[in-house]
Structures are given as structure tokens and as C-alpha cells.
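Take a look at the model below.

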Amino acid sequence: MNTNAEVTLQTIEEAARTLAGHAIRTPVETCETLDLLAGRKLFFKCENFQKSGAFKFRGAFNAVSRLVRSNEPTQRELHVVGDSSGNYACGLALAARLCGVSAHVVMPNNAPECKKQIVLSYGATLIQRERRQDFPQTIKQVQEMTGAVYISGSQNPDVISGQGTMGLELLQQVPDLDAVIMPVGGGGMLAGVSMAIKSICPDVRVYGAEPEVANQATLSLQNGERFVYSYVPRSIADGVVAGIGPVTWTYIRDNVDDIFTVTEDEIKNAMRLVSERMKLVVEPSGVVGVAAALSDSFRARAVGFKNVAVILSGGNVDLQKLPELLLM
Amino acid sequence: MEANDVVTLKTVQKAADTLSGHVIMTPVKTDETLDLLSGRRLYFKCENFQKSGSFKFRGAYNAVSRLVSSNGSTAHRLELVAGSTGNFACGLAMAAQLHGVTAHMVMPDNSPECKKQMALSHGASLTLCEPAAQDIARTVNQVRDATGAVFISGAERPDVISGHGTMGLELLRQVPAMDAVVMPVGTGGMLTGVSVAIKSICPEIRVYGAEPEVSNCAAMSLKRGERYAFPRFPQSVADGLNGNIGKLPWTYIQRNVDEIFTVSEDEIKNAMRLVWERMQLMIEPSGAVGVAAVLSDSFKERAGGCKNVAVILSGGNVDIDKLSEIL
């Protein structure tokens, strides 16, 4: 597969050209109530409006698109396979369909129903597994049967470059940006966006945000080396419980200013605020950055910051579960 | 237009000036899935993003603003009272607060909790009553007698209706190829204001109302050729539309509206689910009624020639705890 080995400003700008006309250049919204609560102007990048309901589509489409281009000479029928707690599966399924490629996605049994439904609705093959430990073997089986190319949802450089396009858009959409905050799970978004922003405006601070119970990125930064839990933490922010990967770690270590952690209640509170005040459908993982922006630890750090962008990473949530998700 | 019309293009344009910088010029969004389902290009006017969570703020702000101006130095002593199924109470409470004026709201006791809470959060006093037109009217009069408050009718007051009409002006600019617009109708204020704005400038654009089948007084009135009113409010899931069309709106609706489409409770719920899940927008059931109409078979039969249809998502004030009941 002809992937760029590295993620650079150039690969991100190339990704932007690939995504143009395919990914949505999502709007940035503001809300006076949240500004008051945060003590500064917040700019919400609405990736809940992105195709397939989350930013993951960007990286997936960039990777699949490049794969198709490099495959053209061979005329071989293409299959792709990926593993995902949900949103990358949705993004990969749609990207594959749009590019005329077959997709196989491996998801945990307990992934949100709506994400499984979205994957199926895009015509991808869905394989569910009880334990994440079984994913690598399942992927291998798919590859043996179909010759599918494995595209990691967070470690593949083309995927990371695709996510980085949000950084380019933010710099264009938000003048006088002081800082950007975004959720971090596998680290694809944080790696790509931090590379884009630091390459162009190194003065803009780049922060990650994660649940306290899934604080692998925080511990990694503190220790100076990548750390992952041996188990999968449980958080209502189901999309960000994975630890950061080896590829994304190097970019995060070099480009990210800090990571903030938030409690489950802070995430629920942020969900309620964004839903009720902004009338946006967002998922818990999607508002982890909002929770961080409203937290005491961020406020202590953000003295003097006037304009902070927060990425709302996705909006794929089971509506039936919403009431319990918001109960504190 | 008739010579002694109280809602005209001019009153709507004046309202737009008054509202400029105070109301949100809400975005228009599109969605490929909904286009596919409806068989045409849809343009959703997102009034769920409006201040106080629904378009009602427009009319409320215009009315309060003009009232305050005309009261000059005594304006700070003004008190207002209104009866509302919910969103007008929220809009008026917020508009009153912004003008430093006291507001008293009368709402049916079965109004969504979030609407009651929002009115209170903007400093309005709240009196609950039975969900029936007579009870609301009686309670409003009681409050009026007790406080000397000025009654602001959400359905009949021309300033309110003109404020709502500003959505029509915005749509003409935001959707240049628009050949039809569809919106929910309860008391008919939005339909009146928007139809006046649009028909005055582009009379060939179709203006359609959308109503729940169980709360179809506008459709029935059009059919009978005279205004029909339910004595006791129907109970559609579209709680904001459970009132009757007003007398003033009726006179305009007869002239300006091309058709009213009615939709079932299931169609409303389905439309709401689609907008939440596909567009990631929080809208309330009443807010989904226009969407339901445009997806319905009767729309495809009778308005099938319309290719670029604007649909007003009127509001997003819904009790999330009740979501599983609603959907």
C-alpha cells in the first residue's frame, strides 16, 4: 500500500485536497451560555455533522482513496478491513462504499447499536467480537479470506493526515485562535491536528482531553513513554477508551502541550449543556473536549486565552440511551 | 394584500430591522439522506438554534421592543402577560428579560418541563392551568386583573406575527432557488408572517402548512371555509401545535396558503428520529411536523413538482427524559 510513512503538513494539505468535495467542511458554532460558563469564547467544530456522524470519515476516506489510486494499475478487486469501537467503522464503511471498495469491520459486541446499524447501512460486512484481544486474529482471518488491506483507524499515517485536515480548517475558521482542545483515544485526531496547527501556528496551544478512568495519554505524557492499560477501561465516552498507539504517540509527545482529564459526571454535564443549549446531537466521547474546557484544571491553565476551539468529535448516540447518559 | 392589513411586507421588514443584531440569523442545512427520502432538495431552516430554542423569540422580541419604545420613560414599569403552550412563553420571557420588563406566563400544566423551566430561568412568573383554550384565557385575565399587565397575544398580535415573518425574508435570501416552503402550524402566527413576506415578494413560491392529523384545525378550517376551533386542546405528541389557529391568522391563511398537509403521530415521530439521527440536530416533535409533511405520500402527490423545498425546523425544546416515550 502506498502510504506516506510520515505525517507532515504536506501530507495533511494533500489530504485536504483529497477530501475536498467529499468530506464536509463542518461549521464552527458558538454559544453564549457556554462562553459564560467557560469564561472565554468557545468555538465548537461540529464534526457530529460530518459524513457518517463523526470526524473518523476524514481519515478513512483519505486512506481508502489513496489505496484505490495506488491500486489502479493492478485492477485487483479491493477489500479493506479495520477494527473499531464504532465511529471509525462507520467512517470506513462509508468511505469504502464511496470509493467502490468492499469493507469489513470488526467491532466489540457492546458497541452502540446505532453505530452497528450505520455500518450495515453502508453495505460493509460487520464482525462482532466479545473481547478486543480477539480482534487481531479476526482481522487476520478476514485478510486470509479476502486479501483485504488492514487500515488502522488511528495509527495509519493516511488516516492521521485525514484527521489533521480539521486543524487546517480551524486555523481558517477561527481568527486569533489561542488553543484547541479535542478528545483523545487512539490519538489519530490529536496527532494529525497537532501536526497541522504546530506547523503553521506554533503559538496556538494544542490540548487533548480524556476520561479520568481512561487516562492513558496523560500517563504517557507524564512518564515520557507510551502507557496503555492492560484492560479496556469503562467510560460513557465509549469512543475514547482505547490507549494511544505507537505511531500517534510520537506525534503527541512532540506536538501536544498537555492532556486534561475529566470525570464521568463532567462528561454527562457537558452532554446536557451541548444538547440542551446548543440543540446539537452529540455523543459522550464527542463532548470530552467540552468537559475539559469547562473544568477547573483547564481554567487554571487558560488564563489569558480568549478564543478556544473545541472539537465536537461525533454525534452517533443511541437515542434510547440518552436519558440514562444524562442522568447524574 | 388589502389596504387595512395589519401584517404587511412593510411591517415584516420593519421587524427585521428591529430584530437585527438581536435574533440569530439561523443557518439553512441540507442532508443527502432526507433528499433521497423525499425525492427533492430540502433546505432546513434551523430555528431550533434560535434564542430561547424556537422561532417564537422573533415575534416576542419584536412585540416587546415596540411596546417598550412606545412606552418611553415608563417602560421600566411595564408588565406583560401571555398564555402559551410553551415556546412563546420561553421567547417572551427571554425578550422581556432583555428589555428589563416583568413577564407573567400562563401555561397548560402538561407543557414540557424544559419549557416551564426555561420561562422561569428568564425571570418570568409562571401560572399553570388546564390544557383548554377557555382555561388559558380565564387565567390570563386573572393575572391581568391582578397585575395590570399588558396582554401579548402570541397568535393575534400583529407585531408578533411580523416578527415571525422575518424568517420568510431570510429564506428568500438563503435559498435562492426555493419553489416552496413548509412549516408547522399551531396558532398560525408563523404561517401568516412567513406567507405575507414570501407571497409579497415571490407570489409563485408555494407556501404550505403542516399539522398533526389529531390537531388539524387549520386544515379543517380551510376545508370548511370558516375557522374551526377545538374546544379542548387535542393531545398530539407535537405539544406546541395543540392550540387552535387564531382569528387574525385565519384571515391571512385563507388568502396566502396554498395547502395544509396533515401527518400522523407516527410520521411525526419518524421524522423527528430521522433529523436527530441523520442530521444530529435536536428538534422537538412540533419542529418535525414540517419534515413529516414533506416526506408524506400526500406531499409527493400534490406538491411533487416542487424541487427545492425549504422546511422550517421550528424549535428544539424537548424533555430528553421523555425521549423514549416520544420516540
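Start with a network of salt bridges: it links Lys45(A), Glu47(A), Arg58(A) and Glu169(A). Over all chains, a search of the whole structure finds 31 salt bridges. This is a predicted model. Its scores are ipTM 0.91 and pTM 0.94. In chain B the average pLDDT is 95, and 99% of the residues score at least 70.

Stay in chain A for two further pairs. The side chain of Arg301(A) forms a salt bridge with that of Asp258(A), at 2.6 Å from N to O. This pair links distant parts of the chain. Arg301(A) belongs to helix 13 (residues 296–301) of chain A, while Asp258(A) belongs to strand 9 (residues 258–262) of chain A; the two are 43 residues apart. Arg301(A) has a relative accessible area of 38%, so the residue counts as partly exposed.

The other pair is Arg253(A) and Asp254(A). Their side chains meet in a salt bridge of 3.1 Å, N to O.

Now move to chain B. Here Arg138(B) and Asp135(B) join their side chains in a salt bridge, 3.1 Å from N to O. Both residues lie in helix 6 (residues 133–147) of chain B. They sit three residues apart, about one turn of the helix. Is Asp135(B) buried or exposed? Asp135(B) counts as buried, because its relative accessibility is 17% and the limit is under 20%. Arg138(B), at 47% relative accessibility, counts as partly exposed.

Next comes the interface. In chain B, 18 residues are in contact with 19 residues of chain A. The size of an interface is often given as the accessible area lost when the parts come together. Between chain B and chain A, about 1,600 Å² is buried, and carbon and sulfur atoms give 62% of that area. On the chain B side, Gln280(B), Met282(B) and Ile320(B) lose the most area to chain A, together 39% of what that side buries.

What holds for charge pairs across this interface? The rule finds zero salt bridges between chain B and chain A. Five residue pairs are in polar contact there. Helix 11 (residues 265–279) of chain B supplies four residues, the largest share of the side that touches chain A. That side of chain B divides into eight nonpolar, five polar and five charged residues.

Notes. Residues numbered from 1 in each chain as written. Chains lettered and ligands numbered in written order. Predicted model: local features only at pLDDT ≥ 70, side-chain atom pairs only at ≥ 80, totals over all residues. Heavy atoms only, no water. pLDDT = per-residue confidence, 0-100. Salt bridge = Lys/Arg side-chain N within 4 Å of Asp/Glu carboxyl O. Buried < 20%, exposed > 50% of the residue type's maximum accessible area, 1.4 Å probe, protein only. Contact = heavy atoms within 4.5 Å. Buried area = accessible area lost by both parts, 1.4 Å probe. Polar contact = N/O pair within 3.5 Å; in protein donor to acceptor, adjacent residues only side chain to side chain. Nonpolar A, V, L, I, M, F, W, Y, C, P; charged D, E, K, R; others polar.
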